[in-house]
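Hello,

As promised, I am passing the structure on to you, and my notes follow below it. Have a look whenever you find a moment.

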Amino acid sequence: MKRPLKYFAFSELASSVHLFTKGYKYMKRVLVILVATSFWGCGGFLDEVDQDLLVPEKPDHFAALLLKEFNREYPIFRTVDYMTDNMTEIASMSSKSKKAQKTTYTWQREIEIDEEGERVFQINNAWQNAYEDIAIANYVIELIDVSDGDQDEKDYIKGEACFIRALSYFNLLNLYGKPFDPATEDADLGVPLRTNVAIEKVYYRNTVSECYQQIENDIVDAVDLIEGSGIEKSKWHPDARTCKLLMSRVKLYQQKWDEAIVYASEVIDEAYLSRIYQGKAFITDDNDEVLYSFYTVNPVMSIYSYDGSINQMSYSASEELYNLYDSLDQRREAFFSVEVLGPDTYYHPTKYSNMFTKLGYGNFRVAEAYLNRAEAYAQLDDVTGAIEDIRSILLYRYTDASGIVYPASNPEVLDFILTERRKELCFEDHHRWFDLRRMEDQPEIKHAFTLVDIFGATYGKEIYTLLPGDNNYTLSIPLKEREINPLIRNNDRFEKIPEMVNR
């Protein structure tokens, strides 16, 4: 006989960060094992329980499971920003202190193997973590309707699980799938799709088109279920506006400009922008611009490395990015702190500190809806609409926006919007890397890696280049997955050979 789940009233995130009982830990452990052995199928994983293993039986149990699994430990690709033009090395720091992030910072063909042939662990685990979240979402979607409780509450939780599955697949697709191309989307490889709890020992990659269709289907279901429930919850849970904002992003990435405008407009019509102030936290419970907040541990920007017993900053936000903000732009002081030590200037991203957020590190914000709509307008050559949306944002970002000079025609308007998108969304989620992947005119990005011994002596510099259209914009399928399932098709990536500069 199954024992009821021991349950704490996890109505808010503050409760969810506690241990979720042995039942949760058992569930997560089994899922991780299944990821490593048979993709992640979890059919019957709660059938065999003993007196210490606990089974979700009520809607609140399923809700707490989602809140703990996704909101606390969002499976972001942790070194995603190191691959972008938003990051740079601290040249004077030792090579040893910069080593852990080097394979992603220099876009190596195999990011899990360093130049000495050693395995770099935990650097490509977004695949496993995201599929674990998908497994739990599938479990909730499939089983919550037979739980005991109010149907409206079950509908809301099921909608939340659909949203989580959609966002997880969106991230997986844009990390490990080919960049979207309308001419080849029906043939280009995306990621494997699983929407039930059955076990499969062999699995194959679906196409980019099939993946986007599944993501859209999940978002439509999420909106219908959440709106239909009539329930409103805190910012720790996605609402219908959050789902519509994700859909506007999904449509934008597929170049469905008109549909991106429709969904972004629905968000804009129901929500508000808020002003950023220097020295005041922006992500707060009473900020109307914040629709949904999540991700509360282990922020993505781990720019600190340990070299011996001293905590040293080895990478920094790039000076190029910092200089995009002028003195009237409140985001410069809100998003960065600057420190000068000897020959080095450090630009600390502060979006992962309590100076910026009192909630989570990941957020869905109304500003993105304006950015999505502005870009779609520009792509349709509606310059007036595009500039009005950007103007709306900047009125809430500048102490005085009257002196801003806006371009009057494309392609300058589109370039202006993409720059503002880079400024507004820097170091949030996967935005910059995903935007670079989908750009028609991708920039050439160069990353320098200065060779410094443990005594501080510089003995050379390596220059690595990411070219427009580079295959290395798509990550390799993790080594562990390829070892388990040799039939899965890997992504072709280039070897990155540096240009050597002697010093």
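**Notes on a predicted model**

Val202 is partly exposed, because its relative accessible area is 37%. Please keep in mind that this is a predicted model. In the chain, Val202 sits in the loop that runs between α7 (151–176) and α8 (208–229). Together with Tyr204 and Leu487, Val202 makes a nonpolar surface patch of about 310 Å².

Now to a residue with a rather different setting. Is Ser248 buried or exposed? Ser248 counts as buried, because its relative accessibility is 0% and the cut-off for buried is under 20%. This serine belongs to helix α9, which covers residues 240–253. Leaving aside residues up to four places away in sequence, Ser248 touches Ala260, Tyr263, Ala264 and Asn372.

The other part I went through is a sheet. An open sheet is formed by three strands, in the order β9-β10-β11, with antiparallel pairing. At its edges are β9 (445–452) and β11 (499–501), each of which pairs on one side only. From one strand to the next, the twist averages 25°. As a reminder, strands of a sheet pair through backbone hydrogen bonds, either parallel or antiparallel.

Here is how the individual pairings look:

- β9 with β10: these pair in the antiparallel sense over eight bridges, β10 being residues 458–466. Phe449 stands opposite Glu462 in β10, and Val452 is placed opposite Thr458 in β10.
- The turn: β9 and β10 form a hairpin, with five residues between them. Gly456, in that turn, has a positive phi of about 90°.
- β10 with β11: here the antiparallel pairing runs over three bridges. Lys461 stands opposite Val501 in β11.

One is the patch made by Val202, Tyr204 and Leu487. Another is Ser248 in helix α9, with Asn372 among the residues it touches.

Best wishes

Key. Residues numbered from 1 in each chain as written. Predicted model: local features only at pLDDT ≥ 70, side-chain atom pairs only at ≥ 80, totals over all residues. Heavy atoms only, no water. Helix = DSSP H or I, 4+ residues; strand = E, 2+ residues; numbered from the N terminus. Buried < 20%, exposed > 50% of the residue type's maximum accessible area, 1.4 Å probe, protein only. Contact = heavy atoms within 4.5 Å. Pairing = 2+ DSSP bridges. Axes fitted to C-alpha atoms, helices over the stretch in contact; angles between N-to-C directions. Patch = residues over 30% accessible without salt bridge, like charges linked within 9 Å, V, L, I, M, F, W, Y side chains within 5 Å. Areas by Shrake-Rupley, 256 points an atom, 1.4 Å probe, with all protein chains shown as cover. Salt bridge = Lys/Arg side-chain N within 4 Å of Asp/Glu carboxyl O.
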